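Colleague: I'd like to learn how to read a helix and its surroundings from coordinates. Could you walk me through one case?

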Amino acid sequence: MAQSTAAKPDVGTPRLAEDTEQGRTTIASSVVQKVAGIAAREISGVHALGGGVSRAFGALRERIPGAGTADTAGVAVEVGERQAAVDLDIVVEYGASIVDLARAVRRNVIGSVERITGLEVIEVNIAVNDIHLPDDDEETGPTGSRVE
């Protein structure tokens with residue numbers, strides 16, 4: 001079996017966004033991840049980012065003091081020296097047009113990442129994992145105590 005000699009970029013390593021005679025600017029992939037996640041959430045009809053497991057871990061992480069928020073749940077990026085690619089896992093609100101929603105998310109993510117980081121976004125892949133129903137928000141547990 002032949003192994004691929006192409007090296008994958010390290011996701012934690014800052015990448016070059018601008019190199020001038022006055023200095024170099026690098027942008028970490030986590031920055032691109034956060035920008036893309038925030039831009040995706042700005043679109044009406046996006047209920048959440050991430051699959052069921054990542055949303056569950058995100059909910060737990062938000063309850064731990066000092067652990068931060070789940071800004072990057074459901075967002076994966078590949079960042080090169082001048083370009084970035086984004087993969088999003090989203091949950092849409094019931095009734096939203098998935099085609100129109102995906103188009104709006106893609107446009108907003110590309111615009112935000114390019115404007116904020118200066119990197120060219122070559123693709124935004126969107127996977128719709130679930131549809132959020134309005135009755136999913138209601139409490140289904142008992143309202144009172146069963147014992148005195």
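Modeller: Gladly. Let's start with burial: in helix H3, the buried residues are Leu101, Ala102, Ala104, Val105, Val109, Ser112, Val113 and Thr117. They lie on the same side of H3, because the arc they cover around the axis is only 165°. That arc is taken from the directions from the helix axis to the C-beta atoms. Buried means under 20% relative accessible area, exposed over 50%, and partly exposed in between, with a 1.4 Å probe and protein chains only. On the other side of H3, Val99, Arg107 and Arg115 are exposed.

Before going on, a caveat: this is a predicted model, where local features need pLDDT of at least 70 and side-chain atom pairs count only at pLDDT 80 or more, while totals for chains, interfaces and linings use all residues. Residues are numbered from 1 along each chain as its sequence is written, and side-chain values use heavy atoms, leaving out hydrogens and water.

Colleague: How many residues does H3 have, and what follows the helix?

Modeller: Helices are DSSP runs of H or I with at least four residues, strands are runs of E with at least two, and both are numbered from the N terminus. H3 covers residues 98-117, which is 20 residues. From first C-alpha to last it reaches 27 Å, close to the expected 28 Å; the expected span is 1.5 Å times one less than the number of residues. Next comes Gly118, with a positive phi near 85°.

Colleague: How do I read a salt bridge, and which side chains form one here?

Modeller: Side chains of opposite charge can pair when their charged atoms come close. The rule asks for a side-chain nitrogen of Lys or Arg within 4 Å of a carboxyl oxygen of Asp or Glu, and the count comes to one. Asp100 and Arg103 meet in that way, at 3.2 Å from N to O. These two are three residues apart in H3, about one helical turn. Asp100 is partly exposed at 45% relative accessibility, as is Arg103 at 44%.

Colleague: And which strands go with H3 in a β-α-β unit?

Modeller: E5, H3 and E6 make a right-handed one: with the strands pointing away from the viewer, the path from the first strand over the helix to the second runs clockwise. Strands pair if DSSP finds at least two bridges between them; E5 (residues 83-93) and E6 (residues 120-132) are parallel, with eleven bridges. In one of these, Glu93 has His132 in E6 as its partner.
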